[in-house]
Amino acid sequence: MIVLHYTGMRDAEAALDRLCDPSAEVSAHYVISPSGEVWSLVQEADRAWHAGAGSWCGIADINSHSLGVELVNTGAQPFPEPQMRCLEALLTSMMERWNIARHQVIAHSDMAPERKEDPGPRFDWRRLDRLSLGFCPDGMGDDLPLAGSLDAIGYPEADADKRLQAFRFRFLPTAQGPEKEADRRRADAVAAAFRAARRDQPKSC
Ligand SMILES: [Zn+2]
């Protein structure tokens with residue numbers, strides 16, 4: 001898997017200071033600045049401490065099963081074009097090296113909906129999907145219970161509002177307020193697409 005983050009910090013220097021500070025006990029494989037500079041902090045074959053507690057698709061020890069990429073962004077800004085292009089090049093090479101499928105590229109908020117909001121609603125998952133570097137399938141399905149669809153997509157058990165928020169960040173970023181029929185229909189379509197993607201690649205999550 002690959003987990004995408006934002007640093008939540010004002011600039012690359014502050015983020016690099018924190019990620020290189022042993023007492024902070026956080027690290028990531030890569031950091032990408034808004035202007036498209038990339039720093040490799042941890043070898044891809046080594047485990048980085050970027051994901052923390054959470055799970056995705058039943059896998060709890062995400063740090064042992066993933067590469068972590070930090071995008072320098074406070075969370076309130078758009079992700080600039082040079083940063084996105086750099087991310088896309090990096091994803092292309094990592095996915096090829098480690099045989100990672102597009103549906104195995106996830107948000108930090110996907111695996112830890114109660115704790116994390118990154119990379120947030122401003123991150124363009126549809127753009128990655130168009131390039132086959134991420135998964136944000138189109139469409140609306142049936143009006144089925146939301147919890148079952150979110151379980152099928154891979155979300156861990158969590159507070160219902162937080163799970164809905166994490167789902168919306170990625171798949172319905174303009175939605176707000178309490179759960180609506182559109183959330184349920186969208187989640188059913190996304191769940192069906194994940195099932196199909198995992199069927200095509202049985203050993204993947
Ligand atoms: Zn994160």
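1. Where is the place of Asp 142? Asp 142 sits in the loop between α4 (125-130) and α5, where helices (H or I, at least four residues) and strands (E, at least two) are DSSP runs numbered from the N terminus. The model is a predicted one, in which local features need pLDDT of at least 70 and side-chain atom pairs count only at pLDDT 80 or more, while totals for chains, interfaces and linings use all residues. Residues are numbered from 1 along each chain as its sequence is written.

2. Asp 142 counts as exposed because it has 10 C-beta neighbours inside 10 Å; a residue is buried if 20 or more other C-beta atoms lie within 10 Å of its own, exposed if 12 or fewer, and partly exposed in between, with C-beta atoms placed from the backbone. Not counting residues up to four places away in sequence, Asp 142 touches Arg 185 and Asp 188, contact being defined as C-beta atoms, placed from the backbone, within 7 Å. The C-alpha atoms of Asp 142 and Ala 189 are separated by 7.5 Å, although these residues are 47 apart along the chain.

3. The axes of helix α5 (residues 146-153) and helix α7 (residues 181-200) come within 8 Å and cross at roughly 30°, the axes being lines fitted to C-alpha atoms, for helices over the stretch in contact, with angles running from 0 to 180 degrees between N-to-C directions. That crossing makes α5 roughly parallel to α7, a label given to angles under 35 degrees, whereas those over 145 count as roughly antiparallel, 65 to 115 as roughly perpendicular and the rest as oblique. On the α5 side the contact is made by Leu 146, Ser 149, Leu 150, Ala 152 and Ile 153, and among the α7 residues that take part are Asp 183, Arg 184, Ala 187 and Asp 188.

4. Met 1 lies in the segment before β1 (2-6) and is buried, with 22 other C-beta atoms within 10 Å. Leaving aside neighbours within four places in sequence, Met 1 is in contact with residues including Trp 56, Ile 62, Ser 66, Ile 100 and Cys 205. The C-alpha atoms of Met 1 and Trp 98, 97 residues apart along the chain, are separated by 9.1 Å.

Technical notes:
Contact = placed C-beta atoms within 7 Å.
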